Amino acid sequence: MSDLDWIIVALAYAVLAPVAGCILAGVDRKLSARMQGRRGPPILQPYYDVRKFCEKEQITSNGVQDFYVGCYLLFVIITGILFFAGQDLLLVIFTLTLGETFLILAAYSSGSPFSQIGAQRELYAAMAFEPIFLLMAICLYLQTGSFTVSDMIGSGGLPSVMVIGAFLAFVIGLTIKMRKSPFDLSMSHHAHQDLVRGMTTEFSGRTLAMIEVSHWYENIMLLGMVALFIADGTALMAAIGTALAIVVYILEIAIDNGFARMTWQSALKSGWAIALILGVLNVAVLLYL
C-alpha cells in the first residue's frame, strides 16, 4: 500500500470504527433487554455513557494505570489499522495480544482485589482464545499460501468449506474474547455475574471511557476477521461477509443471554479442547487432503 492508502485506511478506521462499534454495543443492550423481557435503553446509550464518563471527575488510584489504558486503546487502534490495511495476520494477532496485556497491567496496578481477580481471569481467558486465533491464522495460511490479509483476500482461495473447522472454533473464540457468557470471567457489560465490573472496578472518568471506546474498536476488527473467512476480493462477497459478521454478532448476544458463567478452569479447558478438536483437525485436513 502507498503512504496515501495507509493514511486513508487509518483515518477511516479511526473515525468509522467507534461509530459502528457504539451502535453495535447499543444493539447488544437492546437485544439483551428484549431477550430478558425488558424494554431496554436507547441504541445510543453507550455513547451517552461514554460522554458522561468524560464529564466526571478523574479519580485514579495511581497515575500509571491511565498510561496502561491509553496504551491499550492505542494498540487496539493500531491492530484494526493493520488488519483493514491488509497486513500480516500474525502481526495483527500479536499486536492485539499486546494491547490486552496493557489492560491487564492496568487492572493489576490499581491495587484493588476485585480488579486483580479480574486481571487473573483475563489472563486465563487469553490463554483460552489465543491458541484458537493462532490456529485460525495457520488454517487460512494453508488455504491461501500467505499470512498477509490482502493476499488471503486476493488469492481467491476463500471462501472454502476446507476452513469450516477453523471458522467454528473462531466463533467460539469470539465468545471468549468479547467476554460473553459463559466466558465473561474478568468483567461483564451486563449485571448478570458475581464480578460485574471485574478488572475495571477501580477505573472511572476518562479512563473508563477509553476502555469502552477500545471495546468498540476491537469488536469491529474482530467482526472483520469473521468476514475474512469468505472474502474473495469481490464486492458481492464483501457484502455477504458483512452480513455474516452481523449474524455472528447476534449469535454471540444470544449465547451471552442463554448461558450461565463458567468457572475459569472450565473456560480454559473448553478453549483448549476447541482449539485441539476443531483447529488442529482443520490443520490436518488442509495438510493431508
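Biologist: Which residues form one aromatic cluster here?

Modeller: The cluster consists of Phe129, Phe133, Phe167, Phe170 and Phe229. Keep in mind that this is a predicted model, where local features need pLDDT of at least 70, side-chain atom pairs count only at pLDDT 80 or more, and totals for chains, interfaces and linings use all residues. Residues are numbered from 1 along each chain as its sequence is written, and side-chain values use heavy atoms, with hydrogens and water left out.

Biologist: How many aromatic pairs does the structure hold, and how is a pair described?

Modeller: A pair of aromatic rings is described by the distance of the centres and the angle of the planes. Rings of Phe, Tyr and Trp (its six-membered ring) pair if their centres lie within 6.5 Å; planes under 30 degrees apart are stacked, over 60 edge-to-face, and the rest tilted. The structure holds 12 such pairs. In one of them, the centres of Phe133 and Phe170 are 5.0 Å apart and the planes are at 45 degrees, so this pair is tilted. It links distant parts of the chain, with Phe133 in helix H5 (residues 113-144) and Phe170 in helix H7 (residues 164-177), 37 residues apart. Helices here are DSSP runs (H or I, at least four residues), numbered from the N terminus.

Biologist: Is Phe133 buried or exposed?

Modeller: Buried means under 20% relative accessible area, exposed over 50%, and partly exposed in between (1.4 Å probe, protein chains only). Phe133 has 0%, so it is buried, and Phe170 is also buried at 0%. Tyr141 and Phe147 form a stacked pair, 4.4 Å centre to centre with 10 degrees between the planes. Tyr141 is partly exposed at 34%, and Phe147 is partly exposed at 22%.

Biologist: Now the helices: at what angle do the axes of H8 and H9 cross?

Modeller: Axes are lines fitted to C-alpha atoms, for helices over the stretch in contact, with angles from 0 to 180 degrees between N-to-C directions. The axes of H8 (residues 205-228) and H9 (residues 235-258) come within 8 Å and cross at roughly 120 degrees. Angles under 35 degrees count as roughly parallel, over 145 as roughly antiparallel, 65 to 115 as roughly perpendicular and the rest as oblique, so H8 and H9 are oblique to each other.

Biologist: Which residues in H8 meet H9?

Modeller: Contact means heavy atoms within 4.5 Å. Asn219, Leu223, Val226 and Ala227 are the H8 residues, and their partners in H9 include Leu244 and Tyr249.

Terms used:
Helices (H or I, at least four residues) and strands (E, at least two) are DSSP runs, numbered from the N terminus.
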